[in-house]
Amino acid sequence: MKHAMHAFLIITIFIFCHYVMRHFWGDGWSSWLSNIDNQTDILFIPAKFTFLYGPLVAAAIVLFKQERLFESIGLSFDGFINYTLAALLCCIPMTLGYAFLSSELHLSISAIITGSVYAGFFEEVIFRAALFGVLFKYCRWGFIPASLVSSVIFGMGHIYQGNDPLSAVMAVTVTTIAGTWFAWLYCECGYRIWFPMWMHIFMNAAYGIFGMSGGAAGDLQGNLFKATAIVLSIVYVEMLIRKGKPREVVLSKLLQTRAHLAACAVN
């Protein structure tokens, strides 16, 4: 019962943050912060993410308190350097491919920070750690329902990248699948946010720097190079498992089984 109550509470807080907190933000803060950072959004984006989703992150930390303060949201620094280097290596072939395809080069530092660094960090902490990770690891949901809850909402947040109904559906579908893949990486990298976060950041950065077309859905050539990063990330995880890391997402954890329900009732 405790797991069910915690899951209900986390989902309720997320809904409140996602759909209600934005009404308390106010246009005044947006204008003030945008003026301070000269319309670059360097200050605006982290301030708004923190305001909107701070209650969710705080709830995840308090409800599932670990020995280390930020352990429950995947921010323990264990493996930080290794995961960073692994993500960089996984994304090199994709980046070189984008450079080959592109005739553009956008090296705006502010655009890289706001479109890549902020997106990778805040979205992974919120959607993968504080929402999916809590439901899967602590509330004992199956991987499929936990990832669907977080990934579908994550995907719907990218509907603006479509120019028409079909491209909007494609954008939502692709980002929903991407969210599920990031969730899997999060689990298999010891519930540390660093590997999926850096994959998210490096892929977004390469996409933006070389001005790739097609929005979230991408185009055929670009997607072929994007696939190299995805495949290499899977190879990296399998290497970790071969070296002795336990596999987290197994068949018995895909759906909430009767055993899980019974455990929830006992607890």
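## Reading a predicted helical model

Ile61 is buried, with a relative accessible area of 15%.

Q: Why does Ile61 count as buried?
A: Buried means under 20% relative accessible area. Ile61 has 15%, so it is buried.

Q: Where is Ile61 found, and what is it in contact with?
A: Ile61 is found in helix α4. Set aside neighbours within four places in sequence. Ile61 is then in contact with Leu69, Phe70, Ser72 and Ile73. Take Ser72: it sits eleven residues from Ile61 along the chain, yet their C-alpha atoms are separated by 5.9 Å.

Q: Which element has the lowest mean pLDDT, and which the highest?
A: This is a predicted model, and pLDDT is the predictor's confidence in each residue. Helix α11 (residues 258-266) has the lowest mean, 48, while α5 has the highest, 97. For the protein chain the mean is 90, and 94% of residues reach 70 or more.

Q: How do I check the length of a helix such as α8?
A: Start with the general idea. An α-helix has 3.6 residues a turn, so residues three or four places apart point the same way. For the length, count 1.5 Å a residue. The 24 residues of α8 should therefore span 34 Å, and the end C-alpha atoms are 35 Å apart, which agrees. Just after α8, Gly190 takes a positive phi of about 70°.

Q: Which residues have the most contacts inside the largest nonpolar core?
A: Phe195 and Met199 do, in a core of 73 residues. The largest share, 13 residues, comes from α6. Beyond its neighbours within four places in sequence, Met199 is in contact with Ala87, Cys90, Cys91, Trp181, Phe182, Leu185, Ala229 and Ser233.

Q: What is the volume of the largest pocket, and which residues lie nearest its centre?
A: Rolling a probe the size of a water molecule over the atoms shows where empty space is left. Here the largest pocket has a volume of about 1,200 Å³. Its lining has 39 residues, and Glu123, His158, Gln161, Thr175 and His200 lie nearest the centre. Helices α4, α5, α6, α7, α8, α9 and α10 give two or more residues to the lining.

Technical notes
Residues numbered from 1 in each chain as written. Predicted model: local features only at pLDDT ≥ 70, side-chain atom pairs only at ≥ 80, totals over all residues. Heavy atoms only, no water. Core = buried A, V, L, I, M, F, W, Y, C linked by side-chain atoms within 4.5 Å. Buried < 20%, exposed > 50% of the residue type's maximum accessible area, 1.4 Å probe, protein only. Helix = DSSP H or I, 4+ residues; strand = E, 2+ residues; numbered from the N terminus. Contact = heavy atoms within 4.5 Å. pLDDT = per-residue confidence, 0-100. Expected span 1.5 Å × (residues − 1). 1 Å grid on protein atoms, 1.4 Å probe; cavity = no way out; pocket = protein on both sides within 12 Å on 5 of 7 lines; lining within 4 Å. Points joined across faces, edges and corners; volume = space filled by probe spheres on them.
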